[in-house]
Amino acid sequence: MPKLIPVPDELSQPFWDAVQQRKLLVQRCTACSTLQYPPKAACQECNATTLEWHETDGKGHVLEFVVLQDTHLPFRGPDQPINLAIVTLDEDPRINFFSNMPGEEPFKVPVGVAVEVMFEELTDGSLIHEWRRAQ
Amino acid sequence: MTTDMNWRRDQDGLGVWPHRGKVAIVGWGMSPVDRRWDGVSMDKTLGAYSKLAAERALEDAGLKPSDIDGLLMCPNNMAGAGSGSSASWGPARPYFDAPYDSEDGLTIVTNNWLRKYWTDLTGVQYAPDQIPDIGEGLGMAAEAVAQGKCDYALYIYTANNLEGRYRRGGASAQDHAAGPSQWNFPWGGNVIDLQLWTTVPLRQYLRKYGGEWDDLIGPMILNEHRNGMMTSWGYYTQNGASGLTVEEYADARPITWPAKIWDYDRPVNAAGAFIITSAERARDLRQKPVYIMNHNEGFLGMGRSSHITMDEYEAGMARIAKRSYDGSGLKPADIDIFNPYDGFSPFLPFSLEAFQWQGVGKGDAMAFVNGDISVEGPHPLHSGGGNLGNGRTRTAMYIDGIEQLRGTAGKRQVNVKAETAICAYAPALSSSYLVLSNQPS
């Protein structure tokens, strides 16, 4: 399943560098301890710009899912039907991630199941974060 | 002309609109609604259709082109500039002789183009550059009149569509994802397939309150198609009924399961126009005035993380509904006609419940829409047929509000009281709802 390759920018480079080390980071505000993902220039709760990176334990749960069957992203077309799930982070369930739930059959994603982060190789050899049922 | 942005009502707690009931819509007009521009019929270009729609609005109001002193020609590319051949004529195709020697007039229409092409617009003295989409644009026009920037504001809005699949070019066609899309494109998450991020919240909603997608959304879509067939200018009225049935909806081509092709509005090529003036001037014109009681603008964002959740969406919609009611001084029980935006089907149940129309609260939508929501019945939901019933013009919500309040909606005219209306091009957590009344106070 060739995912599109993310292009890091100045803000996100540390995140993607950590993914290559098989680490899942989120931002933490040093002023109010809010966790946030995707990364932003400022804390979305208190607007502080003193943000640091926090390594998560990579545990989550499946919130919900849909199935892509006629995607507007032609590069993903041949892989359809594709599960597209939303996974919440156990450390802070307000944080969520997209996932194609590798290992699950299309249309059969177990909503509510515990998942753990894993890392998939993309066509350029880089890694991207994904989620699978907790082992 | 530099655009003054101080007209926007895009905050909570603004109270009643100071110009409530002092400004009125006095005319509307639509061009024909084509599936696409065929590339050869120069009388059917977006520019030609913009002029035609405006001329029809002027006739409706009993005005002349020279009466217009405020021109708000929205120059936006609804199909999404840079998103493929359906949205832009060039560079893949050669332009024509003037006035069609650029995108202007073909896939967008600007104030400048229209004034060169339509030389009868001799009275325009207010013509700002930045004109927003119709949801905010009508509010801008209302404020322009209320603040004395012009006496008669003409707002024109275009929907463009050419050959090619809609919004599948440009950044979507790349094998990489840069900028904000690096957080969703790799997994296949994109704003169109996920219906501006509302497919997932609606799945959550159904899991929480029970029921199936088809049973909640199907009745609403069928109702809209029915109402669209009672709209003289609508796409299906002009081009042939969709013939959509319960069975066909259930078996329709899937896009993002459980959403199907009919859950997404049909792109079209068309233009719509509206004329706004003061309540005082409106009384001397041809039609019964439809007073603007409130307008709001702004966007409450799409959640704090990768994807908005149902709780976040419902909380946002509640704020938006409160802005509308506080700004107009009305309550849910006061609203007779309800035409929320329906470009993507999940918008409907969420806005219905947030605005508590006809007393519908959280979790009530399923039972409500499976009752009688026809225009003839006691709960005429979305009497205009919206985008889903008329094509992606984003004008049906407003035109129906105007017609219902005038009493000129023909076969669509509701049998219940029709003195107030809420109308919107307000996708997802957009706050741009318009409140109308056929009474100024």
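**Exercise 1. How far apart do the C-alpha centres of domain 1 of chain A and domain 2 of chain A lie?** Then describe the contact between the two domains.

Solution. This is a predicted model, in which local features need pLDDT of at least 70, side-chain atom pairs count only at pLDDT 80 or more, and totals for chains, interfaces and linings use all residues. Residues are numbered from 1 along each chain as its sequence is written, while chains are lettered from A and ligands numbered from 1 in the order in which they are written.

Step 1. Take the bounds: domain 1 of chain A covers 10-55 and domain 2 covers 57-135; such bounds come from an automatic or database domain assignment.

Step 2. The C-alpha centres of the two domains of chain A are 21 Å apart.

Step 3. Count the contact: 8 residues of domain 1 of chain A touch 10 residues of domain 2 of chain A (contact: C-beta atoms, placed from the backbone, within 7 Å).

Step 4. On the domain 1 side, α1 (13-20) and β3 of chain A each give two or more residues. Helices (H or I, at least four residues) and strands (E, at least two) are DSSP runs, numbered from the N terminus.

Step 5. By class, this side of domain 1 of chain A holds 5 nonpolar, 2 polar and 1 charged residues. Ala, Val, Leu, Ile, Met, Phe, Trp, Tyr, Cys and Pro count as nonpolar, Asp, Glu, Lys and Arg as charged, and the others, Gly among them, as polar.

**Exercise 2.** Give the strand order of the open sheet in chain A and find its edges.

Solution. Step 1. The order of the 3 strands is β3-β2-β4 in chain A, with antiparallel pairing (two strands pair if DSSP finds at least two bridges between them).

Step 2. β3 (35-36) and β4 (51-55) of chain A each have a single partner strand, so each has one side without a neighbour in the sheet.

Step 3. Between β2 (residues 25-29) of chain A and β4(A) there are 5 bridges. One of the residues to check is A:C29, whose bridge partner in β4(A) is A:L51.

**Exercise 3.** Describe the side of chain B that touches chain A, and a strand pair between the chains.

Solution. Step 1. Chain B gives 32 residues to the contact and chain A gives 34 residues.

Step 2. On the chain B side, β4 (176-177), α4 (199-209) and β5 (254-257) each supply two or more residues.

Step 3. That side of chain B divides into 12 nonpolar, 13 polar and 7 charged residues.

Step 4. β1 (residues 5-6) of chain A pairs with β4(B) in the parallel sense over 2 bridges, and A:P6 has B:A177 as its bridge partner.

**Exercise 4.** At what angle do α9 and α10 of chain B pack, and which class does that give?

Solution. Step 1. α9 (residues 310-328) and α10 (residues 347-355) of chain B meet at about 50 degrees, with axes 9 Å apart. Axes are lines fitted to C-alpha atoms, for helices over the stretch in contact, and angles run from 0 to 180 degrees between N-to-C directions.

Step 2. α9(B) is therefore oblique to α10(B): under 35 degrees would count as roughly parallel, over 145 as roughly antiparallel, and 65 to 115 as roughly perpendicular, with the rest oblique.

Step 3. The contact includes B:Y313 and B:M317 of α9(B), and B:F350 and B:F355 of α10(B).

Step 4. The contact residues of α9(B) and α10(B) comprise 8 nonpolar, 1 polar and 1 charged.

Notes
Two residues are in contact if their C-beta atoms, placed from the backbone, lie within 7 Å.
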